[in-house]
Amino acid sequence: GLPERVTIYEVGPRDGLQNEQALVPLETKATFVRRLVAAGLPVVEATSFVHPKWVPQLADAAELVALLETDDQLGDRARDLTVLVPNERGLDRALELGMRHVAIFGSATETFAAKNLNRTLSTQMEMFEPTVARAREAGLDVRAYVSMCFGDPWEGPVPIEQVVTAGRQLLDLGASQLSLGDTIGVGTAGHVTALVEAFAEAGVGPERLALHFHDTYGQALSNVQAGLRAGVTTYDASAGGLGGCPYAVSATGNLATEDLVWLLDGLGIEHGVDLGALVATSAWMAGELGRPSPSAVVRALGAD
Ligand code: HMG
Ligand code: MG
């Protein structure tokens, strides 16, 4: 059967905004995070401690955290927001702020490791190894993403064994969870099933996996259903369907959190999120960004 409960891992403020060309004001980002937390999202990825030249939109990461931890709503809980860190420099910046949850992000393909991290498949691991070791010593929880798990815009279809190898290496560094990213949204349900099974055969059960779908080809919800049937209980999603990776061709729209919530509600699977509050947040954010949300559920419910 399907799981009774899933964890929605909200990436809107990070994956959703990282590719926005116009700088989003700090106060708008803070409001976005606060509203997502208030809507019941149990995990919110707030920003990235990456090189500010690589992702200028998130250059204000430290200011955002500082602003959130001084306000009435979040206070110390701002340190429980998750943040991306690619390397020790990023970890240092997160440690200075007292963050408790960081996420590293590796690639399953050589080309994307070069484009996104300026590394090879092996030197990305050399960058992550001391980063994770020091984070764990400091008592932090570390999530690992692996990108291009289904297809890569430069290399085409990505062999399952290659994804399992990269994913196992990242987990073996000491990460608690592995998020399998369909960065360009080309995956389909059968491929999801095969990938989750391959991880299980390699000793990584579905309880250690999360699935991170992009809806570029309209397959994200179908892929979630395949993941649910395979026993995966954590799904990444972006409020309003915002986002994409600036270093991947055609990496549009993340799975919209509202679309995911609608599916889970229909299946009777618990998630703890207030759909009305979430839709209102995404409709407000669409107004701030000056264009309609790509989410079908936000368009259907957010018109009033
Ligand atoms: P690099 O140029 O190789 O950096 O970039 P470096 O290690 O050679 O360092 C060069 C300089 O940058 C040094 O300064 C460092 O201190 C500084 P200098 O000594 O020359 O004065 N530096 C930093 N400064 C601030 N913060 C840092 C940092 N690191 C180095 N963290 C690097 C390597 C990894 C830094 C770069 O490639 C980078 O920042 N990449 C991030 C790209 C990114 O954020 N992509 C989007 C997120 S991934 C994604 O969206 C996919 C996902 O959603 C899942 C999916 O959908 O698949 C997660
Ligand atoms: Mg992504």
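Visitor: Leaving aside neighbours within four places in sequence, which residues is Leu-121 in contact with?

Guide: Leu-121 is in contact with Glu-110, Ala-113 and Ala-166. Contact here means that two C-beta atoms, placed from the backbone, lie within 7 Å. A word on the source: this is a predicted model, where local features need pLDDT of at least 70, side-chain atom pairs count only at pLDDT 80 or more, and totals for chains, interfaces and linings use all residues. Residues are numbered from 1 along each chain as its sequence is written, while chains are lettered from A and ligands numbered from 1 in the order in which they are written.

Visitor: Why is Leu-121 called partly exposed?

Guide: Count the other C-beta atoms within 10 Å of its own: 20 or more means buried, 12 or fewer means exposed, and anything in between is partly exposed. Leu-121 has 19 such neighbours, so it counts as partly exposed. Leu-121 belongs to helix 6, residues 121-137; helices are DSSP runs of H or I with at least four residues, strands are runs of E with at least two, and both are numbered from the N terminus.

Visitor: What makes Leu-209 buried?

Guide: Leu-209 has 23 C-beta neighbours inside 10 Å and therefore counts as buried. Leu-209 sits in strand 9, residues 209-213. Beyond its neighbours within four places in sequence, Leu-209 has contacts that include Leu-178, Phe-199 and Val-232.

Visitor: Why is helix 2 called oblique to helix 3?

Guide: Helix 2 (residues 26-38) and helix 3 (residues 61-69) pack at about 55°, and their axes are 10 Å apart. That angle makes helix 2 oblique to helix 3, because under 35 degrees would be roughly parallel, over 145 roughly antiparallel, 65 to 115 roughly perpendicular, and the rest is oblique. The axes are lines fitted to C-alpha atoms over the stretch in contact, with angles running from 0 to 180 degrees between N-to-C directions.

Visitor: Which residues meet where helix 2 and helix 3 pack?

Guide: Leu-26, Lys-29, Ala-30 and Val-33 of helix 2 meet Glu-63, Leu-64, Leu-67 and Leu-68 of helix 3. The contact comprises six nonpolar, no polar and two charged residues. Nonpolar covers Ala, Val, Leu, Ile, Met, Phe, Trp, Tyr, Cys and Pro; charged covers Asp, Glu, Lys and Arg; the others, Gly among them, are polar.

Visitor: What is the phi of Asn-118?

Guide: Phi of Asn-118 is near 60°, a positive value in a residue other than glycine. Most residues other than glycine have a negative phi. Asn-118 lies in the loop between helix 5 and helix 6, and it is partly exposed because 14 other C-beta atoms are within 10 Å.

Visitor: How do you know whether Met-148 is buried or exposed?

Guide: Met-148 has 30 C-beta neighbours inside 10 Å, so it counts as buried. Met-148 is in the loop between strand 5 and strand 6, and its phi is also positive, near 60°.

Visitor: Which residues are closest to ligand 1?

Guide: The closest are Val-50, Gly-90, Ser-147, Gly-181 and Thr-183, out of 25 residues that surround ligand 1; to be near it, a residue needs its C-beta atom, placed from the backbone, within 6 Å. Helix 4 gives the most to this shell, with three residues. The shell divides into eleven nonpolar, eleven polar and three charged residues.
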